[in-house]
Amino acid sequence: MANAEDKSLSEVTSQQAAKTDNAQAPATDDKTAKTDGQTAKVGNENTKAGATEAPKPAKLSGAELKAKAKAEKAARRAQAKVSKEVAKGEAAVSSAPGQLGPSASEVKGGKAKGKQDGGAGSASGATGRPVLPKGPVSATLAEPKLTIPECFSHISMAKRMPITQADKDVHPTVLALGQKMATFAIDESITRLKATLLAFKKVIESYTTPPGNTLARHLTPHVLNPQIDYLTACRPMCFSMGNAIRWLKLQVSKIDPDVPESDAKKQLCSAIDTFIQERISIADLVITEKAADKIQDGDVILTFGRSSMAERALIHARVIQGKIFSVIVLDDPYERKGQKLAKNLSAIGIRVTYSGDLGGLRHNIQGITNVLVSAESMFNNGSMYASSGTCDIAIVAKQLGIPVLVLCETINITERVATDSLTYNEIDPERSSGECFRLLYDTTPDKYLTFVISELGTVKPTSVPDLLRKLEESN
């Protein structure tokens, strides 16, 4: 009986304790929640206060916004240029013959990842010796280094640009022309000019003006400029090409927007044909005749390399005018184009003496009557831009009192000025390293030249600006 009473008493006591705990728990939870709410409220107030205290960014002016946008654009261009150079380096490494290293995608942090063979290609063996991979040994990817000396880094160089990297708007004819220029299959400036104009003529013939545009405003920026950029990327433009392209853009801008597209295209193509006829074909014919008139019976003519215009002048003097003379051909030891000239002249009965380099220049130049060379361009100050080695010949000829005759079309005359060979030039792609470096052209000052023969007349080198003025007046 006593046990039953004790048991019931203990149950009552435990029930009361449970009620007390249950009553205290909600109170504790409410206090905790209230405390958390106060903390959050204080945090929000601090955040609002901080936001209020933070200074507002100053509003940029128009000039500052323009400068900021310009800086961002320059940064994007620099980043794109770096990415392009890295891509070229990776392509060169991956396509190098006999390359044993991994591809660019397998290289990380400058170290090559070895290919695993069954999951243990690069792990150590049971004996502690490294397990050699069965495939070729990986090599560390070397960053591409420019081999051009730093003092010549500002000079351009021809390079064979892959067709896949060309703009999608480049015409197939221009693509083929760019490859020929890059490989020097088309070399002389006047030949490159004529081929460029004929290619642009095909581009214009295949052009269709998009709806909502006019030919005069759409053709140049969206059609001609991509062709020009591609040709320039393959090889730097010669001065005659620059002059002709400026002329062509001017003709496009003069087209009346009300003229039908077909008539406008015919007008441009006809203008190109006329330009080629007058500024190239007829000009060459006039210069050839004038140069041949300078040659007399018994003369000894010295020429350098092979120039198509000088060759035509010599052939005209022998075949058309029937003059008897001899020719000394000094050749460029790197190109050997003079060999072809010597064979052509010998075939028509001209006595030819051939020298493969400039080693015996002073000996070979003694006893000659005239030096006949062709210029790639004439600068406005009378200096001549021609194949490398021409300046050496002109200097020796001047010392010996021998006249130097320069053949140059007016389309090759530029308004620019040069006093040395480093302002405007090209680097020989096959000899562009510090161990073997060569420039394709040199600049001869006007004091070493005697006459410049053009289709507008024969003048002193210092009178070259007069030829430009005559062109402006005729146009």
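Modeller: In this predicted model, S377 has Y385 of β9 as its bridge partner. That bridge belongs to a pair of strands, β8 and β9, which run antiparallel and are joined by two bridges. The sheet itself has three strands, in the order β8-β9-β13. It is open, and the pairing is antiparallel. In general, strands of a sheet pair through backbone hydrogen bonds, in either the parallel or the antiparallel sense.

Now the edges. β8 (377-378) and β13 (441-444) each have a single partner strand, so one side of each is left without a neighbour in the sheet. A helix also packs on this sheet: α11, residues 390-399, touches β9 and β13. The direction of α11 makes about 30 degrees with that of β13.

The elements giving two or more residues to the lining are α4 (189-205), α8 (308-320), β7 (370-374) and β9 (384-387). α8 gives the largest share, three residues. By class, the lining has 12 charged, 11 nonpolar and nine polar residues.

β7 and β10 pair in the parallel sense, over four bridges. Within that pair, V371 stands opposite V404 in β10. β10 is also joined to β14 (residues 451-454) by three bridges, and these two strands run parallel. Here V406 stands opposite V452 in β14.

How is β10 covered? Strand β10 spans residues 404-407, and both of its faces are covered. V404 and V406 lie on one side, L405 and L407 on the other, and all are buried. Buried here means under 20% relative accessible area.

F184 sits in the loop between α3 (172-182) and α4. Its phi is near 65 degrees, a positive value in a residue other than glycine. Most residues other than glycine have a negative phi. F184 is partly exposed, with a relative accessible area of 25%.

R336 also has a positive phi, about 60 degrees, although it is not a glycine. R336 is found in the loop between β5 (326-330) and α9 (338-347). At 36% relative accessibility, R336 counts as partly exposed.

One helix residue is worth a look too. N225 is in helix α5, residues 215-234. N225 is partly exposed, with a relative accessible area of 23%. Leaving aside neighbours within four places in sequence, N225 is in contact with T220 and K249. The C-alpha atoms of N225 and V170 are separated by 9.3 Å, and these residues are 55 apart along the chain.

Last, the setting. The protein chain has 12 helices and 15 strands. Of its 475 residues, 37% count as buried. Take contacts between residues at least 6 apart in sequence: 77% of them join residues at least 24 apart.

Notes
Residues are numbered from 1 along each chain as its sequence is written. This is a predicted model: local features need pLDDT of at least 70, side-chain atom pairs count only at pLDDT 80 or more; totals for chains, interfaces and linings use all residues. Side-chain values use heavy atoms; hydrogens and water are left out. Ala, Val, Leu, Ile, Met, Phe, Trp, Tyr, Cys and Pro count as nonpolar, Asp, Glu, Lys and Arg as charged, and the others, Gly among them, as polar. Two strands pair if DSSP finds at least two bridges between them. Contact means heavy atoms within 4.5 Å. Axes are lines fitted to C-alpha atoms, for helices over the stretch in contact, and angles run from 0 to 180 degrees between N-to-C directions. Buried means under 20% relative accessible area, exposed over 50%, partly exposed in between (1.4 Å probe, protein chains only).
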